Each structure stands twice: as structure tokens, then as C-alpha cells.
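Here is a friendly briefing to read alongside the model.

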Amino acid sequence: MKKLITNGTIVTAADMYEADLLIEDGKIAAIGKNLGTGAEEVIDARGAYVFPGGIDPHTHLDMPFGGTVTSDDFETGTIAAAYGGTTSIIDFCLTNKGEPLKNAIQTWHEKSKSKAVIDYGFHLMISEVNEQVLEEIPLIIEEEGITSFKVFMAYKNVFQADDETLFRTLLTAKEHGALVMVHAENGDVIDFLVNKALKEGNTAPIYHALTRPPEVEGEATGRAAQLTGIAGSQLYVVHVSCAEAVEKIDEARKKGYQVWGETCPQYLVLDQSYLEKPNFEGAKYVWSPPLREKWNQEVLWNALKNGQLQTLGSDQCSFNFKGQKELGVGDFTKIPNGGPIIEDRFSLFFSEGVKKGRISINQFVDIVSTRIAKLFGLFPRKGTIAVGSDADIVIFDPNKERVISAETHHMNVDYSAFEGMKVTGEPISVLSRGEFVIREKEFVGKPGSGQYLKRARFGSQEKPAEKVR
Ligand code: URP
Ligand code: ZN
Ligand code: ZN
Ligand code: ZN
């Protein structure tokens, strides 16, 4: 089955040009003018941008956390992602100490395989390093194509790993070709500050932010970067929220260390004052790291613009206000951390970034798709529009205006952190491997049609895209 997308403006991380695009067997078969007939279906993209599908490198679907489970699973979460212009996600697979890593991966396959409507891969959490783990890691890289490992430096007594574990994970990753990801906050210091706040009777949502000051993020980021330098390994810092962390990443990169940083839409447009909303509404804005004082937003935008930060993840981790966020009434430590963003990451970033002149349109594509594909072993299969790449395509109307609202979003959650925000630009149709998932703004995909992504090792680009024509 051949499809032809005509009259659109193709935009990649490098180029922008008018051309038609021929799709055959799920791949991009040709790009050019007058590609001839023979297509069973012609899609008119006049006035629209034709982007490579967004890649979200940071999601938590169907994940047990904070005494509950995230409200979006692999079905609702990937449907919402597709509506928002995202065609691949990489989700965090949690592991349990003392259990084979393989078991955890099996659990994640079961959560996802009959539900996902777009392609998906997994990062694997490492919470301890011992003989068994060291034996399993090379097999997991080889057999599962999981080439990124996550270490938490925070959430004491839950996910937190110690520095030896982080260091040994860095060494193992270097040896076998994987990227180490860190949640960089000093969990021990946070634990102390949290207990002190509770003892003093400070239980409201704002204390979530006040007990996790930016310095604890900066300190952990700097520590992880230094350990990466000693190990000669490679590091990706997730959800960078503040100037202190940007500085540490920048410092490390200037020394030649292989360190990259991701930020998230919430840190670019929301700020700490949201945690002070009355009637416990502040709980909707509880993330770790927390939202920061507003001036940090400009630091993050500049860091994206000048390359100090390289990617945008959603950190999708949705909990309903009713019954889930409310677990923390009277004790902010019981508010499940995280929020619903998977659907809005792409268009919010386009609107706030490209439309407001903060980044170029090519930088936009790089930050939401291409660079992520390169870092996580998916390029050039994913992350670009090129002959031989998967036909993961977003047909995007750059001028359509809309207002974000829980009334109209497709995530399985009862609020939007961006309620009432006006955005310009909207995905009209979205294709995954040449098949429509969203067509004229309606979901037409099928649960289970998303494929599991085995990823290439860090630094070893995938084979050149197959020639298909
Ligand atoms: O608050 C957050 N970020 N929740 C998701 C889990 C994590 O730390 O990424
Ligand atoms: Zn985290
Ligand atoms: Zn996360
Ligand atoms: Zn709808």
C-alpha cells in the first residue's frame, strides 16, 4: 500500500523545503516533486508542516508509585501521545531489588504489548549492582535492545541508589554501550529537610518545593557528572528544572565529558507559585524536581537554544486530583509526584518555542525528536524524514489556535496542569509506520499496533536506513 503526502512543507532538524513524500510498506520510499502516480491514497498537506513524529524519551505509564498507580496506561497514554504528535515513547521499567531484571522487563512487556498504539521502548531502572545484575546487563542490551539505564539519586528508601551503584552502572554502561540516566536530586538531604518540615507542622503542597531547593538538584547533577568524567562514561540527566543544574551540565560538557540534559514543558511554562494555589490545588503541580522560581524559565529556554540542554521529555506521570493527588491532604509527602503532559509536550513546545521566537523550527525538531533518536539508539529509523526511515509523520497546522483543557484532552486524568493555556499549532494527522493513528484529529489507530523498539547500543548508530526503492 502506497501513500503520497503532497503539497506539505517538510521540516527536519536540518532542513525545511516543499516536497511530496511517498510512503511504501511503512517506510519513506521517496521525497521529491512529481513522484508519479501509483499511490492508492493521496493526502493533501497544503499549508501544513510535515514533521518527523515526536519521540518522548520520558514516560511513566501504568506505573506503581506513591502508594497508587499512574492513571494513564499504555493504551490511554499512547493514544494521547499520538493526538499530541508523538509517535514513539521510551517508558521507564521499574525493577525490584533481589529479583532478576528480566522479570521486570517481562512485566513491562505485559503492560504494553496489547495496548500501545505507537512504538515504544523501555529504559531499565538499576537500583543495585551485584554479580547477578552484572551478568544480566549485557544480555538485556543484546536481547532486549535496552540501551539506557536509569539510576535514581532521590526518593530515599524507595528508588534511591547510592553513589557506588551509580558509579558501577556508569562503568558497565561504558563497557557495553549504554547511556546512564539520572534523576539528580540529593535524596538524603531532601529526606532530612522533609522530616524537619513535617515536625514543624508544615504540611501544605508548597513545602514539597521548599524541601527540595534547587541546590540539591545542582549538587546531585554535579556529582553525577563528575562520576561520569571519572568513569569515562556517558550520562543523560532527566527533567532538569533549574539554573543550578544547567550550570553543572554546562561545566561538565566544557570539560569534554559526555553529559546531556533534558528538560520538560512544565519547567518552561509553570513556576513554584502554582504550588500555593488554594483548596489543595497546589497538589496538581507537585513534581520532583519541583517547579522553580519563574526566572529559571529563561535560563532553561536559553540552555535549549544554545545547546546546553538538548532534549525535551514529558515526564508523563499522571494521577487524578480526586482520590490520587488527594492522598496528600494534610501531608505533602503523600502527594503522588508527577503530572499529565504526554499529549501537550509537542504542541506546547512549538507554540512557546517556535511561535514565540525562542528557538528555530529546526531546533524544535531536533529537541523533540531527532536528538532523542540519536542518543537512544533509534536513529535513522526514527527521528527524521529520510528515505528508508519509518514513516512516522505529523501533519501539523502551524496556525491553528486552541486552548488546552481537561475537557478536551485524551489523557485519562481529571485535570490539566495547563488548563486554559492558549497554544498555536496543532497536529492534524499522525502516521505511525505509514498507518494513520490520528486522522483529521480523530483517533483511528488500534491498541496493540505499536511495536516494541529494540534499540542500538550507545554510540553505534543503527545501520544506514534500508533502501526501499
Ligand atoms: O515527579 C515526578 N517527576 N514523577 C515521576 C517520577 C520521576 O521522578 O521522574
Ligand atoms: Zn525523576
Ligand atoms: Zn520521570
Ligand atoms: Zn477527540
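Which residues surround ligand 1? They are His-60, His-183, His-239, Trp-287, Ser-288, Asp-315, Cys-317, Asn-337 and Gly-338, where a residue is listed if its C-beta atom, placed from the backbone, lies within 6 Å of the molecule. This is a predicted model, in which local features need pLDDT of at least 70 and side-chain atom pairs count only at pLDDT 80 or more, while totals for chains, interfaces and linings use all residues. Residues are numbered from 1 along each chain as its sequence is written, and chains are lettered from A and ligands numbered from 1 in the order in which they are written.

**The ligand shell**
- By class, the shell around ligand 1 has two nonpolar, six polar and one charged residues.
- Here Ala, Val, Leu, Ile, Met, Phe, Trp, Tyr, Cys and Pro count as nonpolar, Asp, Glu, Lys and Arg as charged, and the others, Gly among them, as polar.
- One of the shell residues, Ser-288, is joined to Pro-289 by a cis peptide bond with omega near -5°.

**The overall build**
- The protein chain has twelve helices and 21 strands; helices (H or I, at least four residues) and strands (E, at least two) are DSSP runs, numbered from the N terminus.
- With a radius of gyration of 21 Å, close to the 23 Å that the globule rule gives for 469 residues, the chain is as compact as a globular protein of that length.
- That radius is taken over C-alpha atoms, and the globule rule is 2.2 Å times the number of residues to the power 0.38.
- Along the principal axes, the C-alpha atoms fill a box of roughly 70 × 50 × 40 Å.
- Of the 469 residues, 55% are buried: a residue is buried if 20 or more other C-beta atoms lie within 10 Å of its own, exposed if 12 or fewer, and partly exposed in between, with C-beta atoms placed from the backbone.
- Among contacts with a separation of 6 or more, 76% are between residues 24 or more positions apart; two residues are in contact if their C-beta atoms, placed from the backbone, lie within 7 Å.

- Where they meet, 20 residues of domain 1 are in contact with 22 residues of domain 2.
- On the domain 1 side, strand S19 gives the most, with seven residues.
- That side divides into 14 nonpolar, four polar and two charged residues.
- The largest nonpolar core has 137 residues, and those with the most contacts inside it are Val-50, Val-180, Val-182, Ala-224 and Val-237.
- A nonpolar core is a set of buried Ala, Val, Leu, Ile, Met, Phe, Trp, Tyr and Cys residues joined through C-beta atoms within 7 Å.
- In soluble globular proteins, nonpolar side chains tend to be buried together.

**A covered helix and a buried loop residue**
- Nine of the eleven residues of helix H11 (residues 345–355) are buried, including Phe-346, Leu-348 and Phe-349.
- The elements covering those buried residues include helix H9 (265–269), H12 and S19.
- Ala-116 lies in the loop between helix H2 (101–112) and strand S12 (119–125).
- Is Ala-116 buried or exposed? It is buried, because 28 other C-beta atoms lie within 10 Å.
- The C-alpha atoms of Ala-116 and Gly-448 are separated by 5.1 Å, although the two are 332 residues apart along the chain.

- Most residues other than glycine have a negative phi, and most peptide bonds are trans.
- Glu-440 is not a glycine, yet has a positive phi of about 45°; Glu-440 counts as exposed because it has 9 C-beta neighbours inside 10 Å.
- Lys-441 also has a positive phi, about 70°, and counts as partly exposed because it has 13 C-beta neighbours inside 10 Å.
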